[in-house]
Amino acid sequence: MPYRLKQNVENFEIVDGPFAGRKYISGETYTEIPSAEAARFEKVREEKPAEPDRAKTKPEVTDA
């Protein structure tokens with residue numbers, strides 16, 4: 001599940017551990033986050049685009 005920084009959290013960079021050197025920027029989406037910093041993030045719900053309901057669409061009429 002993807003994550004992003006919460007609204008009032010400033011951008012930051014991890015300085016040690018397995019995520020050292022990674023920068024986390026507001027508005028970006030991340031698949032991996034450091035567990036020690038999990039409170040700074042929120043889960044992002046992935047919404048699948050709705051598929052058109054083919055039963056409700058009218059067929060195109062062409063003049064032959």
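Q: Why are E37 and R40 said to meet in a salt bridge?
A: This is a predicted model, and in it the side chains of E37 and R40 come to 3.1 Å, N to O. The cut-off for a salt bridge is 4 Å, so the pair E37 and R40, at 3.1 Å, qualifies.

Q: Where else does R40 turn up, and over the face of which residue does it lie?
A: R40 lies over the face of F12, at 4.1 Å from the ring centre. The distance limit for a charge over a ring is 6 Å.

Q: How many salt bridges does the rule count?
A: The count comes to 3 salt bridges. One of them joins R4 and E42, whose closest N and O atoms are 2.9 Å apart. That pair links distant parts of the chain, with R4 in strand 1 and E42 in strand 4, 38 residues apart. Another is formed by R22 and E32, at 3.4 Å from N to O. R22 sits in the loop between strand 2 and strand 3, while E32 is in the loop between strand 3 and strand 4.

Q: Why is the pair of Y30 and F41 called edge-to-face?
A: A search of the whole structure finds 5 aromatic pairs. In the pair of Y30 and F41, the angle between the planes is 85°.

Q: What does the pair of Y30 and F41 tie together?
A: Y30 lies in the loop between strand 3 and strand 4 and F41 lies in strand 4, so the pair ties together parts that are 11 residues apart in sequence.

Q: How do you know whether Y30 and F41 are buried or exposed?
A: Buried means under 20% relative accessible area. Y30 has 15% relative accessibility, so Y30 counts as buried. F41 has 5%, so F41 counts as buried as well.

Q: Which residues make up the largest nonpolar core?
A: It has 8 residues in all, namely L5, F12, I14, F19, Y24, Y30, I33 and F41. Among these residues, F12, Y24, Y30 and F41 form one aromatic cluster.

Methods
Residues are numbered from 1 along each chain as its sequence is written. This is a predicted model: local features need pLDDT of at least 70, side-chain atom pairs count only at pLDDT 80 or more; totals for chains, interfaces and linings use all residues. Side-chain values use heavy atoms; hydrogens and water are left out. A nonpolar core is a set of buried Ala, Val, Leu, Ile, Met, Phe, Trp, Tyr and Cys residues joined through side-chain atoms within 4.5 Å. Buried means under 20% relative accessible area, exposed over 50%, partly exposed in between (1.4 Å probe, protein chains only). Helices (H or I, at least four residues) and strands (E, at least two) are DSSP runs, numbered from the N terminus. Rings of Phe, Tyr and Trp (its six-membered ring) pair if their centres lie within 6.5 Å; planes under 30 degrees apart count as stacked, over 60 as edge-to-face and the rest as tilted. A charge sits over a ring if NZ of Lys or CZ of Arg is within 6 Å of the ring centre and within 35 degrees of the ring normal.
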